[in-house]
Structure formats: structure tokens, C-alpha cells
Amino acid sequence: MNQVHQLSQVFRAEDAMARAIECATYGLGKTFPNPIVGAVITSATGEFISEGFHQGTDHAEVLAIRGAKEIPAGSIIYITLEPCNHHGKTPPCVDAIIESGISEVVYAVSDPNPLAAGGAERLRGAGIKVISGTAEVQARHENRAWLTKIEKNRPRITWKIASTMDGKVAATDGSSKWITGELARADVAKIRSQSDAIVTSTATVIADDPLLTSKGLGKNPVRIVLGKTEIKSNSQILGTDAETVLIKSHDFSDLISLANDRGFNQLLIESGPTFGTAMLVADLIDEIILFQAPTFLGAGKPSIGDLGISNISGRLDFEISDVEVIGADLKITLLKSAKSEEGGL
């Protein structure tokens with residue numbers, strides 16, 4: 001479908017952009033190597049006309065234009081990212097906008113990719129009014145995976161942790177199923193469907209034999225297993241549910257090279273604390289999604305190992321982006337703080 005759903009309402013500018021941002025998120029996990037983008041078209045007085053979101057083929061602007069029965073004079077298109085001005089897999093979106101008769105373009109984030117930038121200038125040259133920066137903070141947050149890739153030349157890397165309230169991921173005997181409840185595990189499956197690839201270690205495969213799919217809640221991402229230890233040929237992760245790539249290495253640069261070659265925007269780490277801690281020490285974790293169950297073990301395996309920090313001034317700071325109660329469990333989304341980005345460990 002070109003449109004997410006039909007709406008019959010009058011939008012204020014901020015509401016139209018908020019809807020475009022919401023539409024963009026429906027493309028998570030479907031657009032790499034390209035960004036997620038949403039678009040909403042309204043009349044000059046704010047009546048809804050159509051909407052669209054990028055989902056791997058045609059871009060959001062093109063889908064929104066195609067979904068409109070008509071585009072009256074004075075119509076406005078709200079887009080989460082500056083329209084592209086280059087011919088890649090598809091023609092430039094600015095061409096479609098100019099040909100559509102749209103009179104005004106409002107976008108949230110300027111395109112940082114030099115190959116695609118210049119759309120705003122081209123539109124202005126065609127006599128179209130252009131406004132930039134509307135709801136930029138929110139749009140950047142939702143598109144943070146692709147923006148991280150452009151900035152750091154690697155995908156955004158998120159580590160998922162499920163622990164007790166006292167920070168344990170397994171009891172002293174190694175048992176860990178299940179710390180969190182069914183609703184939290186369903187949310188993890190949704191997060192997987194919005195990721196481009198899931199990364200785990202051979203140690204985790206050997207210990208837990210995970211399947212690492214979206215459990216029918218969306219597409220199954222590529223599964224990547226890093227490590228030199230052989231895993232059993234009948235391991236679930238080697239099944240046909242999704243593509244699995246084995247990297248016979250302990251070097252994270254091999255993982256980054258593969259991810260860049262494939263154009264992944266976002267990697268989700270699902271592993272034990274040894275692997276995740278090593279990625280933290282290597283300054284490769286941009287985000288942590290922490291699920292905490294309202295239970296305590298006292299002793300057991302901690303969620304994070306030794307980071308080599310001996311003084312409080314050397315702590316690794318994250319910022320709380322979101323807190324949500326899911327069933328009986330707590331979900332905390334943590335983003336690496338600006339201070340930690342500047343100084344590392």
C-alpha cells in the first residue's frame with residue numbers, strides 16, 4: 001500500500017510533520033542502506049491528502065504523490081528528510097515533487113549525504129517554497145541509525161540486555177530462561193524486526209542455542225555469529241528462518257567491514273556480558289536497551305563485566321532516552337551521552 005491509512009482531518013504544520021515522522025518509523029529495518037523517511041501531503045489549508053513512507057523501493061515523497069487522487073494548487077508536502085537530488089536506485093525525489101505541482105516543501109533534517117544533498121536548492125530554483133528544520137530533533141532521533149552510519153562510517157550498534165533488578169543476567173548455575181516476561185520478549189522480537197542484522201557470539205550460540213528471529217512479528221534480520229569456536233551444525237541459528245553469516249574472527253573490525261559492505265544501518269547485539277562488554281570497551285556501543293525484571297538473584301552473572309574503570313571520573317555515561325513498563329518488566333533505552341562520545345572510556 002502507498003498510504004499507511006486514510007485520515008480525514010485538518011493538520012497544523014507541527015501535526016503534519018509529527019505524522020510524517022510516525023510514518024517514517026514504519027520503515028525501520030526495511031530501507032538499508034537508505035534512511036527511513038516519511039511524507040505527508042496536505043492542502044494549503046491543512047486538509048489531509050495522502051502520505052507514504054520509504055520501505056526499500058520507492059521513496060516516501062513519490063509514494064505520497066502517487067497516493068494522492070489530486071494535488072490542488074498550494075499543496076504542501078512535509079518530509080522527515082531533505083528530498084534527494086541524485087539518481088540512485090530511483091530518480092531524484094525533487095523531480096517528482098516539481099512535476100507534481102506541490103507549492104511548498106517542509107522538511108525536518110538536511111541530508112548529510114553529499115551524494116544526495118542539494119534538494120532544497122533545486123526546489124527553490126524551481127520556484128517552490130522550502131522550509132527546513134521543522135521538528136528536527138525528533139526526526140533525527142527516529143532516523144538516528146542511518147545518521148550514525150553517515151557520521152561514523154559504521155552502523156549504529158545497540159546492545160539488548162535482559163537482567164534482574166540487581167543487574168544479573170543468569171543465576172550462579174548459568175540458568176537464565178526466562179528472566180523477563182512474555183510481553184517483554186515479544187517487544188524484543190519487534191526490535192529485531194526493526195534491525196538490519198542481529199549479532200551474537202559463538203559462545204552464546206553454544207550456551208543458549210538461540211533462534212534470533214522476529215517470531216512472526218515482522219521480517220527476520222540477517223543473523224551474524226562472531227567467533228572462532230565451531231558451533232553445532234544443527235544449531236537453530238543455522239536454520240532457514242533467516243540468512244546467517246559466520247565470521248571466524250574475534251576482531252570487531254571484521255564485523256564492521258561486513259556491515260559496511262552490506263550497507264546495514266543498525267546492528268542489534270544479543271549476546272552474553274563478555275561480548276557486549278568487549279564492544280563497550282571498544283567504544284562501539286551507541287545505545288543500550290535494558291529490560292529489567294522486578295526480581296533479584298543476589299549472586300550470579302552480572303550484565304556488564306570489567307570495563308577497566310578504577311575511578312568514578314572514568315565512568316561511561318549514557319542518557320536515559322525512554323522508560324516504559326512492559327507487562328511486569330521495565331524497558332529503559334539508554335543513548336551514549338555527549339560526554340562519553342567526546343572522551344570515550
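1. Basis. This is a predicted model, in which local features need pLDDT of at least 70, side-chain atom pairs count only at pLDDT 80 or more, and totals for chains, interfaces and linings use all residues. Residues are numbered from 1 along each chain as its sequence is written, and side-chain values use heavy atoms, with hydrogens and water left out.

2. Sheet order. Eight strands make an open sheet with mixed pairing, ordered β10-β9-β8-β11-β6-β12-β15-β14. Strands (E, at least two residues) and helices (H or I, at least four) are DSSP runs numbered from the N terminus. Two strands pair if DSSP finds at least two bridges between them.

3. Edges. β10 (244-247) and β14 (318-326) each have a single partner strand, so one side of each lacks a neighbour in the sheet. The twist averages 20° from one strand to the next. Axes are lines fitted to C-alpha atoms, for helices over the stretch in contact; angles run from 0 to 180 degrees between N-to-C directions.

4. Strand β15. β12 (287-293) and β15 (329-336) are antiparallel over six bridges. Isoleucine 288 faces leucine 334 across this pair, and isoleucine 289 stands opposite threonine 333. Seven of the eight residues of β15 are buried, so the rest of the structure largely encloses β15. Buried means under 20% relative accessible area (1.4 Å probe, protein chains only).

5. Hairpin. β14 and β15 run antiparallel, joined by eight bridges. Two residues separate them, and glycine 327 in the turn has a positive phi of about 65°.

6. α9 (252-262) touches β6, β8, β9, β10 and β11; contact means heavy atoms within 4.5 Å. The direction of α9 makes about 145° with that of β10. α10 (273-281) runs at about 140° to β6.

Notes:
Buried means under 20% relative accessible area, exposed over 50%, partly exposed in between (1.4 Å probe, protein chains only).
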